[in-house]
Amino acid sequence: MSTDYTTGTPWLDCDLDGNVTEATPTSLKDHFALAINKEKILKIRIPEGVPAGGTMTDLQLQNVEDTKKMFLGSRPKTHDARLAYDLFHLMMDWESRNARGAAPLKAATDAIEAVDSIEALNRYFLETPPEEQLAGLWDASAAPDFMDSSHCVLGFASGNLLLEDSAEYRDLTEYGKIKKDAVTVLLKKVLVRLGYSEKEAAQKLENCFAFETLIAPVILTKEEMSSPDFLTKVYNPVSYDEAVKLQGKLPILEELEKEGFPKAEKYLNILPGFLPKLNELYTEENLPLIRDYLIAHSVMNAVGDLDRQCFDWRIEYKNAITGATGSLPDEARFSLAVADKLPWPVGRLYAETYLRKEDKDRILKLMDRLIEAYHGIIGEADFLSDTTKARAIEKLESISREVLYPDDWSKYECSELNYAPREEGGRLWEALAAIRANKIAENLKEYLKPVDKSKWITPPSEVNCQYFPTNNSVYIMGAFAQGAIYRSEMSDEEVLGKLGWVIGHEISHAFDSSGAQFDKDGNMLSWWTEEDYAAFLKRNEKMAAYYNAMHPWAGQDFRGGIMTGEGCADMGGMKAVLRIAKQMEGFDYDRLFRSLGEVWLEKGSLQQAYNQINDPHPMGYLRVNGTLQQFDEFLNFYGITEGDGMYLAPEDRVAIW
């Protein structure tokens, strides 16, 4: 029996391609997101190479075009800008890439294939330069210490899984099957290109999945990673002597020492069951599984850096997973790839080319107003004691406000990174290895000094906004405040409903199920009374139940437990915006609510829908309807009452703030 995707409850999934037709009935009172966006949904044609069309896709594609233009002129004069320009043109050098074919990857996989014992495997990890190791069994790197965020700590975590979510190895979902089929097709093709027979390639895949199935039970699922107790689960400090015992037969500490990391008093054992389990599996008997795991993941990590055939195979793989068809032009794909590999050189070039101080000043003022609105929200929170309210206000007032671009670019220079441009015989494979080596060296530098909390986490060229708890900072990246999200000529209502709501959303993350665990200084230390935090968690559970009761189509559940952080932020952001609206004479509420709905205009593939089901962010139509139905201002403005699809009784509302 085929699935009827129009059977969603309480609302039709209007984001799914094919669900909305000319005959689909609409009512503002029953399905606001559909009613205001129906005509636009019908007109959307999903662009080639992406899984969805709509507002956020348009913003991403605009960013691609803007970034691409920076690489099509003459070669820049400054060092970092040249790095980005040269990398783009090395990626575009198909003559060189096709001449080398899959040879660079074959050299890397042959080195793994030559490992014939656990002793040889240890030598491989210790003697192969880290930038030449395209995959690993574990991850050991430095990041800010949750408990003392002014310093970094080394943490031990797991390697990657082909199916990404460890839950898929226990119970394969429909989306998991799509991923497994796609990765199987890709890896078989590339392994044959590397010289393996069809039978050998199939065996290597079987071995890789067998190893992942054995290790998956000790790796947290995506749902577990989104639970309120996730941070306490992964914060497991151990001494050096304890780390030595935990690593057992694994040369983790020796590898860190070769990279330059000194012996430390404290390490984080992020997944308590992982290293014991890996040691259990780290045997001569399991060597074929381990070797083929490393080969398969090396292929996955590097296939897009080879010749045209391998590059196109990777596009086919991505399209099978996302539901996209066709491909973006090479210039577009490579502009995205350069921004990913060299975020700060691209970020600075983008800021200098496209961003304006007057917009930064206006948005900073808007953020100040939203911060002030949160004073009122916190002050009126009837589930908090005065003690917790005072500490929450302290945290609120300590939030660092980072808008559009950094003011001091000296912190982001890549002066020690160098590689030859195409004109001087440079090749893409070697440039990417140099970038990986530089990233490792920069991680060491960050580890050896106090954390600079004024340093941006994400470059301004990324279409994103975020709250970062260990910095207690809100970042509004310049590439996000563009197009349909922000223009200087927008009305106050439109700015509030689009960018203002997003800023309020990010501020609210300081007080969601994750952010609430960090104090004003960015340390994971409780600032709540025990009773208040218990009340907060109850509200969080009620929100999870709210999303669990919804279905994008009959028989398909949402995962409410992973959606509470983003849901809390969506609703908190709107509450802050509505407090500002009340202060403005003649405010146009219709324009405000429609602006929010326009942000989440989308039409996407079935695979895109599956991906969103597994994402902490609710689907676009839920971000609109689920947020707005929490507020009397919305219900009263449109005359929505009991019996209407958008109505939610006061006792059933779940906005935490």
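**View 1. Lining of the largest cavity by residue class.** The lining of the largest cavity comprises 5 nonpolar, 2 polar and 5 charged residues (nonpolar: Ala, Val, Leu, Ile, Met, Phe, Trp, Tyr, Cys and Pro; charged: Asp, Glu, Lys and Arg; polar: the others, Gly among them). This is a predicted model, where local features need pLDDT of at least 70, side-chain atom pairs count only at pLDDT 80 or more, and totals for chains, interfaces and linings use all residues. Residues are numbered from 1 along each chain as its sequence is written, and side-chain values use heavy atoms, leaving out hydrogens and water.

View 2. Among the lining residues are R97, R100, D305 and W429. Two or more residues each come from α4 (94-100) and α20 (428-447), with α4 giving the largest share, 3 residues. Helices (H or I, at least four residues) and strands (E, at least two) are DSSP runs, numbered from the N terminus.

**View 3. An open sheet of 4 strands.** Follow the order β2-β3-β5-β4, with mixed pairing; strands pair if DSSP finds at least two bridges between them. Because β2 (138-144) and β4 (237-238) each have a single partner strand, one side of each is left without a neighbour in the sheet. Strands β3 and β5 run parallel over 3 bridges, and F156 has N269 in β5 as its bridge partner.

Key: 1 Å grid on protein atoms, 1.4 Å probe; cavity = no way out; pocket = protein on both sides within 12 Å on 5 of 7 lines; lining within 4 Å.
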